[in-house]
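Thanks for making the time this morning. I would like to walk you through one model, going from the contact between its chains to a sheet and then to a few single residues.

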Amino acid sequence: MRELTVLHLYPNELNTYGDHGNALTLKRRIQWHGLEPTFVYHHPGGRLSDRADIVIGGGGQDSAQADVQQDILRIGDDMHALTEAGVPMVLICGTYQLFGHRFITNTGKVIKGIGVLNLETIAGQKRMIGNLMVKSDLGVLLGFENHSGQTFLGKDQAPLGKVRRGNGNNGKDKTEGARTNNVFGTYMHGPFLPNNPFFCDEIIKLAAINKYGDFQPRPIDDSLALQTRAGARRRKY
Amino acid sequence: MQDFLGTVTGKTVKAGLRFRRGGGQALPGLVVEKIFPKYVRSMLSKLPDGVVFITGTNGKTTTTKMVVHLLESNGKRVLTNSTGSNLSRGIASSLSQHAKASGRLPFDIAVLEVDEAAARRLSEQIKPRWVLALNVSRDQLDRFGEVDTIADYIGAAMRAATEGVITNVNDPNLFTRAQKITEKEGTELHLFGSSSKLSRYFPNDYELAAVNLSKGASKGSTKNNVGVSLEDFNGNLVKYRIINENYESRLKVSGQHNYLNGAAALALGGNLMPDVEIKDLVNQLAEVSLAFGRGEKYRLSGGAVIELVLVKNPASFTQALASYGSAKANLMIAINDNIADGRDVSWLWDVDFAPLQTKIVALTSGKRAADMALRLSYDDIKTIEIENDLPNAVHKLADRKGDKVILATYTAMLQLYKLLSKHGEKVL
């Protein structure tokens, strides 16, 4: 059976509110499409797996982010290489920020990121918390944001999409997330993939085509996701 | 003078309210608080045995009920706050109703259940003698931001404690804070916890969320000097180890988390009443029955019996599934997303549904019924029906054969109470 390896970065440090839901959704949908998922976990200080068809990483508390920062600099070159190779990645909140150039804290301290995405994040005073709706090339993305960092995209950095409701990257320029090659970063945490199943399938498709040259999707009953999406569209920020 | 005026004002507003229907509990307090901001502090400072706070993510209501019972059983007159009503206003209301016009209070001690944010705010006004911090885990992060923030709030209350802090040795977030704070403040630190044998029942926030970690692996409870330890249980026959002696009792409450709440209550009760025999306290603990939303049963007029269980965060949901997931009962899950429930339902994805052995949920209901069903579908659990409307869902559940259990978030639970009291009666 065709297999896809999912590399989950820092699952014990970066896992605030429902990030395991995304891992679970990816696992189940890979199975439902007739492929075999293998999950490998990368922990700080551990040896990086040499196989990765998909990379995922979640959000974390500010304190946890400091714990993984040293480690992510160590694996930065590998992440750049995977990006060049077209490996799809779903990076949420904290991981998204660390894939940018830097994070500047309230006290002006600079936490270096790995610069896969051309962006920087500045600590904000106000937390942006609420239901987020974003128009992307792949479709309307629905999720929940909860962050105080304000992310600003560098020149020529493509966003993931345009904010229709909520704050997105910084609450100012209407951009949300970022995309470079097949690397996707976003502030939509929690059940981002189950509520946007077409996005999850796109990640699986990209990975399957990279590895096997083609992808034959199988029909999946997404009627429940259609219901949650209808509810999410009506919801206020 | 302020005390007198505060008391009279509160009583006057309450008297005016008698002609209105329902509610109105917090209103007298609101008025008193607005007019006399220092009223609460001043009144509470008169209590001969002072004030204690009970805080944490889960188990506050039950533990408060236990501590109040221990105190009352030994002749103490206890002022406490009822669940749900706005805290400082609720206290102000309660004070003004009970105080004599002279400002004298017919109480010895106040035992206050305070949520994490209130713990910080209130400790700026009132210095508690003891702070009992039960646990901290991810809950309402759309309100609080981060788990660390919640723990910091509790830390603020710990700093305000004049005699000391009692906390859970198995909760690293609270334990390390309590150690630092009590050392710096020169106050006492007392610990409760569970034996390493039971640690798999009580994963902390980190363990709940972590992968590849055997539950309980990071525990080291035996190294520390634990005052009250939950040693073992068999059904609701519970063994505690208290200062190197073993005690055994059959509790009225059930569920392993409540046995641990019992350990916390004994630790606080023992410190507040050092002269009472521990054996007596353990026996008194056994008499306490369940608090709000912790497994009460209602019999509907048609004869169907429905059991209600509150779920409000991954930890409490996981506990509920451990208690009810293996039974063949018809299960209904009601999820709302009002502010009191948490507007972000991401937490449903942090719950492990593996204990649900039947792989079938009869109904999901509430504002987020579809989100719940979607979550279940990813663990191959089939939801027979999605019914957003709670009254309709209850009727459909009542028609099913066999035992019936509803797991519900806070505001759904309030709605269910009203509904079930109207169409049935509580089973004792």
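Before the first contact, a definition: the axes I quote are lines fitted to C-alpha atoms, for helices over the stretch in contact, and the angles run from 0 to 180 degrees between N-to-C directions. The helices themselves (H or I, at least four residues) and the strands (E, at least two) are DSSP runs, numbered from the N terminus. Please keep in mind that this is a predicted model, in which local features need pLDDT of at least 70 and side-chain atom pairs count only at pLDDT 80 or more, while totals for chains, interfaces and linings use all residues. Residues are numbered from 1 along each chain as its sequence is written, and chains are lettered from A and ligands numbered from 1 in the order in which they are written.

Let me begin where the two chains meet.

How far is α14(B) enclosed by the rest of the structure? Eight of its nine residues are buried, so α14(B) is largely enclosed; a residue is called buried if 20 or more other C-beta atoms lie within 10 Å of its own, exposed if 12 or fewer, and partly exposed in between, with C-beta atoms placed from the backbone. The buried residues of α14(B) include M372(B), L374(B) and R375(B), and the buried set packs against α5 (192–195) and α7 (223–234) of chain A, together with β12 (330–334), β13 (360–365) and β14 (382–387) of chain B.

Helix α1 (residues 19–32) and helix α6 (residues 197–212) of chain A pack at an angle of about 65 degrees, with their axes 10 Å apart, and the crossing of α1(A) and α6(A) is right-handed. The contact is made by T25(A), L26(A), R29(A) and I30(A) of α1(A) and by C200(A), D201(A) and I204(A) of α6(A).

Turning to the sheet in chain B, we have an open sheet of nine strands in the order β2-β3-β1-β4-β5-β6-β7-β8-β9, with mixed pairing, where two strands pair if DSSP finds at least two bridges between them. At the edges stand β2 (78–80) and β9 (245–250) of chain B, each with a single partner strand, so one side of each is left without a neighbour in the sheet. Neighbouring strands of this sheet are turned by 20 degrees against each other on average, direction ignored. Strand β5 (residues 164–168) and strand β6 (residues 188–194) of chain B pair in the parallel sense over five bridges, and G164(B) has E188(B) as its bridge partner in β6(B). Two helices lie across this region: α8(B) lies across β1 (51–55), β4 (130–133) and β5 of chain B, at about 155 degrees to β4(B), while α9 (residues 172–185) of chain B lies across β4, β5 and β6 of chain B, at about 160 degrees to β5(B).

Finally, some single residues in chain A. Most residues other than glycine have a negative phi. K174(A), however, has a positive phi of about 65 degrees although it is not a glycine, and K174(A) is placed in the loop between β9 (161–165) and β10 (175–176) of chain A. N181(A), in the loop between β11 (178–180) and β12 (183–186) of chain A, has a positive phi near 50 degrees. N181(A) is partly exposed, with 15 other C-beta atoms within 10 Å.

Conventions:
Two residues are in contact if their C-beta atoms, placed from the backbone, lie within 7 Å. A crossing is left-handed if the near helix is turned anticlockwise from the far one by less than a right angle, and right-handed if clockwise.
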